[in-house]
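I am opening these notes to keep a record of what I looked up in this structure, entry by entry. The overall chain comes before the ligand site, and single residues follow.

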Amino acid sequence: MQSVSPKTTAADITEAALRSFDGAPNPRIKLLLQAAVRHLHAFATETNLTANELIELAEILTAAGQISDASRHEFLLMSDVMGLTMVVDYNTNKKPDGAFESSVLGPFYRADAPWIELGGDICRQSDMGTPALISGRVLSIDGSPVRDAVLDIWQTPANGMYENTDPSQVDFNCRGRLRAADDGSYRFWTVKPVPYPIPKDGPAGLILNAAKRHNMRAAHVHVIVEAPGHEKVISELFVNGDPYLGSDAVFGVKNSLIANFVLHESADDAEKYGRPVPFFTANYDFVLVPGEAPEEVKFSAGRA
Ligand code: BEZ
Ligand code: FE
């Protein structure tokens, strides 16, 4: 038991709570728990948090657990809409100028997407949106081509729903992995990304509603790029001109991740690309930094 003086204050409790974790054998866990105590106590004191507000917070967290399932991760969503996920990203993924920057993984990533050929299509159903060819090169920061690079790509089709949340789509629709060529070049077909709403029917929605914020994500395609001898990058490409670039619900947009999607409508282009118009093309080079990814991100959603 902690000993307390006759005139105990909130600060005494903070000190006692901090000391109660001194014996944690794992130094990282000890650091995290003590910092959590320090910041949570400061939060309660700064806001003069009431007992009823604390109970309401507990009920919101309970609701977050209850609404979560294999394809719905409400705690991550709450972290995303509060900007916590992107703060973690900025703090832990610093890159030199010119390098491909990271962004949110999001709660809809699924590992082990099917492989596609170079130039193949990640959308496995027709009428998923306006086709788009995304191409470019995987380069090292010195400009040399990177060999054996692998791209893991996923996005929503034009209906704005990831396949694992939409029973009308086939398994792994608009998801795929491909290997870049030896000269670092890559290309794949998909559909032009659209802005889409993140789920608003749980506690993350409560947070957005409280501030009258919208729940739209700027149009994007997710991509993880990895190659031997280089840092793996978890990121997304955004569409230049998208109306939500400046107000993405999860703060994921970085200027260097915005790509131009060019519309093609002519018969000549249909012939040149072997695809009926209209379609878009976007060109983007992924510039990687030599090294290893510090730590594997293990998260993968399932199909509900
Ligand atoms: C997504 O882009 O998949 C996403 C990211 C954060 C929250 C919700 C969705
Ligand atoms: Fe997304």
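**Entry 1: the chain.** I count seven helices and twelve strands in the chain, where helices (H or I, at least four residues) and strands (E, at least two) are DSSP runs numbered from the N terminus. This is a predicted model, in which local features need pLDDT of at least 70 and side-chain atom pairs count only at pLDDT 80 or more, while totals for chains, interfaces and linings use all residues. Residues are numbered from 1 along each chain as its sequence is written, chains are lettered from A and ligands numbered from 1 in the order in which they are written, and side-chain values use heavy atoms, with hydrogens and water left out. Taken along the principal axes, the C-alpha atoms fill a box of roughly 85 × 40 × 30 Å. Of the 304 residues, 43% count as buried, a class that means under 20% relative accessible area, with exposed over 50% and partly exposed in between (1.4 Å probe, protein chains only).

**Entry 2: ligand 1.** I listed the residues around ligand 1 and found Leu 77, Asp 80, Gly 106, Pro 107, Phe 108, Tyr 162, Tyr 196, Ile 198, Arg 217, His 220, His 222 and Val 250, where a residue is near a molecule if one of its heavy atoms lies within 4 Å of it. By class, this shell divides into seven nonpolar, three polar and two charged residues; Ala, Val, Leu, Ile, Met, Phe, Trp, Tyr, Cys and Pro count as nonpolar, Asp, Glu, Lys and Arg as charged, and the others, Gly among them, as polar.

Which side chains place a polar atom beside an oxygen atom of ligand 1? I noted Tyr 196 at 2.6 Å, Arg 217 at 2.7 Å and Tyr 162 at 3.1 Å. Taken alone, ligand 1 exposes 270 Å², and the protein buries 100% of that, with accessible areas taken from the Shrake-Rupley method with a 1.4 Å probe. The elements that give two or more residues to the shell are α4 (74–81) and β7 (220–226).

**Entry 3: Arg 110 and Ser 102.** I placed Arg 110 in the loop between α5 (84–92) and β1 (131–140), and Ser 102 lies in the loop between α5 and β1 as well. Arg 110 is buried, with a relative accessible area of 11%, and Ser 102 is buried at 3%. Which side chains does Arg 110 contact? Its side chain makes polar contacts with those of Glu 163 at 3.0 Å and Asp 171 at 2.9 Å; a polar contact is a pair of N or O atoms within 3.5 Å, and within protein one must be able to donate a hydrogen and the other to accept it, while residues adjacent in sequence count only if both atoms are side-chain atoms. For Ser 102, I noted side-chain polar contacts with Asp 89 at 2.5 Å and with Asn 93 at 3.4 Å.

**Entry 4: backbone angles.** I looked for positive phi in residues other than glycine and noted Asn 48, near 50 degrees, and Lys 212, near 55 degrees. Asn 48 is in the loop between α2 (27–47) and α3 (51–67) and counts as exposed at 62% relative accessibility. Lys 212 is in the loop between α6 (203–210) and β6 (216–217) and is exposed at 79%. I also recorded that the peptide bond from Val 277 to Pro 278 is cis, with omega near 0 degrees, and that Pro 278 is found in the loop between α7 (267–273) and β11 (279–283).
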